[in-house]
Amino acid sequence: MTPEPESARTNKSAEQLRSEVRRCLGRAKGLPLLWRLRALALFGLAYLKLGPPGRRKPPKSLLAGVLLVTAALAVSPAVWNRLRFDRCLIEQPSMARQLFRPAEDCSVCEGVRRIEKLSSVDPWLFEERYAYSGRPVVVSDATANWTAAGAFSFDFLRELYRGGRAAECQFFPYRTGFRSLEDFFNMSASRALLRTGSEPWYVGWSNCDEAIGDVLRRHYDRPYFLPATAETEKTDWIFMGSPGYGAPMHVDDVEYPSWQAQIRGRKKWILEPPRECHYSCDRLEVVVEPGEIIVLDTNKWYHQTLIVSEDVSITIGAEYD
Ligand SMILES: O=C(O)CCC(=O)C(=O)O
């Protein structure tokens, strides 16, 4: 896998982008006025620039004006932020996100030489040292009472999503070409079972269906080490796939830090510090074993994953505040 730095959880690779765009276009019918204005401004700009030959050229000042309005509508963070009611519709283009990304304070990674593995963690200590410090950590004993390891499988999840319920908020096909979760669950049994000669796969999605969320939560609990005041988001993120595959190097643009429980299989995480901390911080690696939970601020650390077990890897996780 040749990792390409990307800019957000919602923008991990070209395939993902394509899938996102397809999904967003599906929602275009109800676009708010501002989006229509954006489209109109772009259209106006294109028309003035490329309008039919033979017509009188528009005055430069008109072109400059339309260009300015188009640019403002396209990238203004204030405008984007006013629309933060729908992740898909307000998604800022990755270039704008990079442009407006504030410089990271390198104290999040300075002095962090390795990713510790802890057990019997006191939530107070966790809060003080790890929860909001940006320091990644793995907790080894947080899933002991969960039934997820026995329950979660490709078949279990396929059953849960049966009936073409478009319950995923976001779907990342990575390098598979699947167009949706439904498409993913429709793959052949031999491919799903990783039979020799079949194509490998790796996907991730967030669940927005409350009923499905309730079933998932029957098999896992709120990680005990999270600070008492921390809310863990209702939106579950599931990532699953075959050996040798994983997510390419990227950094997220989500609200909060995340925890992710390794339900089955083993996954290697490769973390790189924020670019501006390149010379003062280390690159880190850790293999998360079944039953362990990694806690990571994916907004600060660039991260890449690789399934290193021989069997399928399944994880579940969420953000916490
Ligand atoms: O679990 C993975 O393989 C990738 C997770 C990830 O990239 C994320 O949570 O942003």
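## Terms and model

A residue is called buried if 20 or more other C-beta atoms lie within 10 Å of its own, exposed if 12 or fewer, and partly exposed in between, with C-beta atoms placed from the backbone. Helices (H or I, at least four residues) and strands (E, at least two) are DSSP runs, numbered from the N terminus.

This is a predicted model, in which local features need pLDDT of at least 70, side-chain atom pairs count only at pLDDT 80 or more, and totals for chains, interfaces and linings use all residues. Residues are numbered from 1 along each chain as its sequence is written.

## Helix α7

Let's start with α7, residues 123-131, whose buried residues are F126, Y130 and A131. These fall within an arc of 75° seen down the axis (taking directions from the helix axis to the C-beta atoms), so they line one face of the helix. The face turned away from that buried side carries exposed W124, L125 and E128. Among the elements covering the buried residues of α7 are β2 (137-139) and β9 (293-296).

## I294 in β9

Strand β9 includes I294, which counts as buried because it has 24 C-beta neighbours inside 10 Å. Beyond neighbours within four places in sequence, I294 is in contact (C-beta atoms, placed from the backbone, within 7 Å) with P136, V138, Q260, W269 and V288.

## Strand β5

In β5 (residues 236-241), 5 of the 6 residues are buried. Strand β5 pairs (at least two DSSP bridges between strands) with β4 (residues 202-207), antiparallel over 6 bridges; here D236 of β5 is the bridge partner of N207. Another 5 bridges join β5 to β11 (residues 313-319), also antiparallel, with G241 opposite S313 of β11.

Methods
Two residues are in contact if their C-beta atoms, placed from the backbone, lie within 7 Å.
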